[in-house]
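Trainee: Could we go through this structure together, one step at a time?
Mentor: Gladly! Let's look at it first and then take your questions in turn.

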Amino acid sequence: MQHETHESHAAHAHHQHAGHGGSHTGHGKVSWAMAAKATLHCLTGCAIGEVLGMIIGTALGWGTAPTMVLAITLAFFFGYSLTLFAVVRAGLSLRAAIGVALAADTLSITVMEIVDNGVLLAVPGAMEAHLSDALFWGALAFAFAVAFLVTTPVNKWLIGRGKGHAVVHQYH
């Protein structure tokens with residue numbers, strides 16, 4: 001009987017992983033704290049990538065567009081990498097971990113990048129500021145804060161439907 005229970009649990013976990021079932025939190029009610037934690041995870045990877053991209057682009061004297069492309073690319077890379085590291089460490093194969101990272105982070109990172117880069121473009125002089133300018137760092141911090149506030153409800157919605165970081169929580 002115990003073996004049947006294990007198989008049933010494994011089938012349920014596979015069903016969840018495929019994005020069709022519930023999550024550890026179940027459908028519906030998800031705490032804002034859980035959503036904020038998932039968003040902070042996303043923001044951490046995005047911030048590492050964006051800051052690194054801005055530093056590299058600025059140091060190489062690149063214009064706004066190529067610097068933003070590099071920063072966004074690195075934001076996705078580091079955002080996915082943080083999840084990959086966690087789920088591979090939990091025992092998943094790299095191939096399975098890539099699928100989990102893509103499922104868990106794509107929408108969150110996309111929203112974060114659209115909002116944070118939109119804010120940066122809207123702040124006069126932010127994209128022309130040098131790394132040594134307070135305007136650069138102030139605008140970047142403001143952009144990250146706005147992106148966090150906009151992305152948190154997105155993550156709450158995703159987790160409540162067994163998607164986003166709910167997929168990753170199976171492996172913690």
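**Helices and their neighbours**

Mentor: This is a predicted model. To begin, the axes of α2 and α4 come within 10 Å and cross at roughly 50°.

Trainee: Are α2 and α4 roughly parallel, roughly antiparallel or oblique to each other?
Mentor: Start from the angle, which is roughly 50°. Roughly parallel would need an angle under 35 degrees, and roughly antiparallel one over 145. The two helices, whose crossing is right-handed, are therefore oblique.

Trainee: And how are α4 and α5 arranged relative to each other?
Mentor: Helix α4 covers residues 94-122 and helix α5 covers residues 134-160, and their axes cross at roughly 150° while coming within 8 Å. Angles over 145 degrees belong to one class. The pair is therefore roughly antiparallel.

Trainee: How many residues of the contact of α4 with α5 are nonpolar?
Mentor: α4 passes α5 in a right-handed crossing. The contact residues include 3 polar and 1 charged, and the nonpolar ones number 17.

Trainee: How many charged residues are in the contact of α2 with α3?
Mentor: These two helices have axes that come within 7 Å and cross at roughly 145°, and the crossing is right-handed. Their contact holds 11 nonpolar and 10 polar residues, and the charged count is 1.

Trainee: How far apart are the end C-alpha atoms of helix α2?
Mentor: Helix α2 runs over residues 32-59, so it has 28 residues.

Trainee: Which residue just after α2 takes a positive phi?
Mentor: Look just past the end of α2 for a phi of about 70°. The residue there is G61.

Trainee: Is N155 buried or exposed?
Mentor: N155 is found in helix α5. The C-alpha atom of N155 is 9.4 Å from that of K37, although the two are 118 residues apart along the chain. Because buried means under 20% relative accessible area, N155, at 0%, counts as buried.

Key
Residues are numbered from 1 along each chain as its sequence is written. This is a predicted model: local features need pLDDT of at least 70, side-chain atom pairs count only at pLDDT 80 or more; totals for chains, interfaces and linings use all residues. Side-chain values use heavy atoms; hydrogens and water are left out. Axes are lines fitted to C-alpha atoms, for helices over the stretch in contact, and angles run from 0 to 180 degrees between N-to-C directions. Helices (H or I, at least four residues) and strands (E, at least two) are DSSP runs, numbered from the N terminus. Angles under 35 degrees count as roughly parallel, over 145 as roughly antiparallel, 65 to 115 as roughly perpendicular and the rest as oblique. A crossing is left-handed if the near helix is turned anticlockwise from the far one by less than a right angle, and right-handed if clockwise. Ala, Val, Leu, Ile, Met, Phe, Trp, Tyr, Cys and Pro count as nonpolar, Asp, Glu, Lys and Arg as charged, and the others, Gly among them, as polar. The expected span of a helix is 1.5 Å times one less than its number of residues. Buried means under 20% relative accessible area, exposed over 50%, partly exposed in between (1.4 Å probe, protein chains only).
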